[in-house]
Amino acid sequence: MKTCLVVDDSKVIRKVARHILETLDFEVREAGDGREALDSCLAEAPDVILLDWNMPVMSGMDFLRALKDSGIARRPKVVFCTTENGMAYIRAAIEAGADEYVMKPFDRETLESKLQIVGVA
């Protein structure tokens, strides 16, 4: 079974994403900020990370940089999940190491297509 770490400071977003991912046969873990996510990845790397941009403690961008610098053996695929839709944001996320980008709010079909694009669905 594929694993996904959902990283978002919104409990509601994590719950919605968990429901969608479980219907796609993913085992789901959750983190409320980038620091929790980094700790989770270092303990056991997931196949894919659904990552929020704006979070307290450690933002999505800071998390991506920290993940890259961590020397993690098997780097998970990363799908940025945010309300920021400007090209500059998308470019910055991809340059920082994101593999794909999905806009909130998203539905099952949209998320599934993004997961297929990064090769985990």
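This is a predicted model: local features need pLDDT of at least 70, side-chain atom pairs count only at pLDDT 80 or more; totals for chains, interfaces and linings use all residues.
Residues are numbered from 1 along each chain as its sequence is written. Local features need pLDDT of at least 70, side-chain atom pairs count only at pLDDT 80 or more, totals for chains, interfaces and linings use all residues, and side-chain values use heavy atoms, with hydrogens and water left out.

Select strand 1, residues 2-7; strands (E, at least two residues) and helices (H or I, at least four) are DSSP runs, numbered from the N terminus. Of its 6 residues, 5 are buried, so strand 1 is largely enclosed by the rest of the structure. Buried means under 20% relative accessible area, exposed over 50%, partly exposed in between (1.4 Å probe, protein chains only).

Next, follow the chain from strand 1 through helix 1 (residues 11-23) to strand 2; this β-α-β crossover is right-handed, that is, clockwise from the first strand over the helix to the second, with the strands pointing away from the viewer.

Now display strand 2, residues 26-31, which runs parallel to strand 1 and is joined to it by 6 bridges; pairing requires at least two DSSP bridges between two strands. Val6 is opposite Glu30 here.

Turn to strand 3, which pairs with strand 1 in the parallel sense over 4 bridges. Leu51 is the bridge partner of Val7.

Finally, select Asp52, in strand 3 (residues 48-52). An unreviewed UniProt entry places "modified residue: 4-aspartylphosphate" there; such annotations may be inferred rather than shown by experiment, feature names are shortened, and positions follow the numbering used here. Asp52 is buried, at 4% relative accessible area. Its contacts (heavy atoms within 4.5 Å) include Asp8, Asp9, Thr82 and Lys104, not counting residues up to four places away in sequence.
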